[in-house]
Amino acid sequence: MAIRYKCRHCDTEIGSLPFESAKETLQMLQRMDETEEERFLTYEKGGAVTVRCICEHCEQSLEKFPNYYTLRKWLQ
Ligand SMILES: [Zn+2]
């Protein structure tokens, strides 16, 4: 079982952490309400959790071109 981090913009897998070393993340996730949980978390078969965050590349693009991602999100 592991927590996987995926970019919610480009779907790149950023990395994964074994459950044991991700206690802080889990605690943070448990504090979120259901809407936030749905937005950021995907529960995979077998009990793994995918956290949808943002990769370095998209973060940089987002800083440079904030409108691009707003537009893309709107189009989807
Ligand atoms: Zn990305």
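View 1. Tyrosine 5 lies across from glycine 15 of strand 2. The model shown here is predicted. Strand 1, residues 2–7, and strand 2 run antiparallel and are joined by five bridges. Strand 2 covers residues 13–18; of these six residues the number buried is zero, so strand 2 lies largely in the open. Strands of a sheet pair through backbone hydrogen bonds, in either the parallel or the antiparallel sense.

View 2. Strand 4 takes in residues 49–53, and its pairing with strand 1 is parallel, over five bridges. Another pair joins cysteine 7 to its bridge partner in strand 4, cysteine 53.

**View 3. The loop between strand 1 and strand 2.** Aspartate 11 is placed in the loop between strand 1 and strand 2. These two strands form a hairpin with five residues between them. Although aspartate 11 is not a glycine, its phi is positive, at about 65 degrees. Most residues other than glycine have a negative phi. Is aspartate 11 buried or exposed? Aspartate 11 counts as exposed because it has 9 C-beta neighbours inside 10 Å, and the cut-off for exposed is 12 or fewer.

View 4. Four strands make up an open sheet in the order 2-1-4-3, and their pairing is mixed. Which strands stand at the edges? Strand 2 and strand 3 (41–43) do, each with a single partner strand, so one side of each has no neighbour in the sheet. Neighbouring strands of this sheet are turned against each other by 20 degrees on average, direction ignored. In a regular strand the side chains alternate between the two faces of the sheet.

**View 5. Strand 3 beside strand 4.** Three bridges connect strand 3 and strand 4, which pair in the antiparallel sense. In one of the pairs, threonine 42 has threonine 50 of strand 4 as its bridge partner. The hairpin of strand 3 and strand 4 has five residues between the strands, and there glycine 46 takes a positive phi near 95 degrees.

**View 6. The surroundings of leucine 41.** Leucine 41 belongs to strand 3. Apart from neighbours within four places in sequence, leucine 41 is in contact with Leu29, Val49 and Val51. From leucine 41 to arginine 52 there are 11 residues in sequence, and the two are 6.1 Å apart in space, C-alpha to C-alpha. Leucine 41 has 14 C-beta neighbours inside 10 Å and therefore counts as partly exposed.

**View 7. The sheet within the whole protein.** The secondary structure consists of four helices and four strands. Along the sequence these follow the pattern β-β-α-α-β-β-α-α. How many of the 76 residues count as buried? The share is 4%. Among contacts between residues at least 6 apart in sequence, 47% join residues at least 24 apart.

Conventions. Residues numbered from 1 in each chain as written. Predicted model: local features only at pLDDT ≥ 70, side-chain atom pairs only at ≥ 80, totals over all residues. Buried ≥ 20, exposed ≤ 12 C-beta atoms within 10 Å, placed from the backbone. Pairing = 2+ DSSP bridges. Axes fitted to C-alpha atoms, helices over the stretch in contact; angles between N-to-C directions. Contact = placed C-beta atoms within 7 Å.
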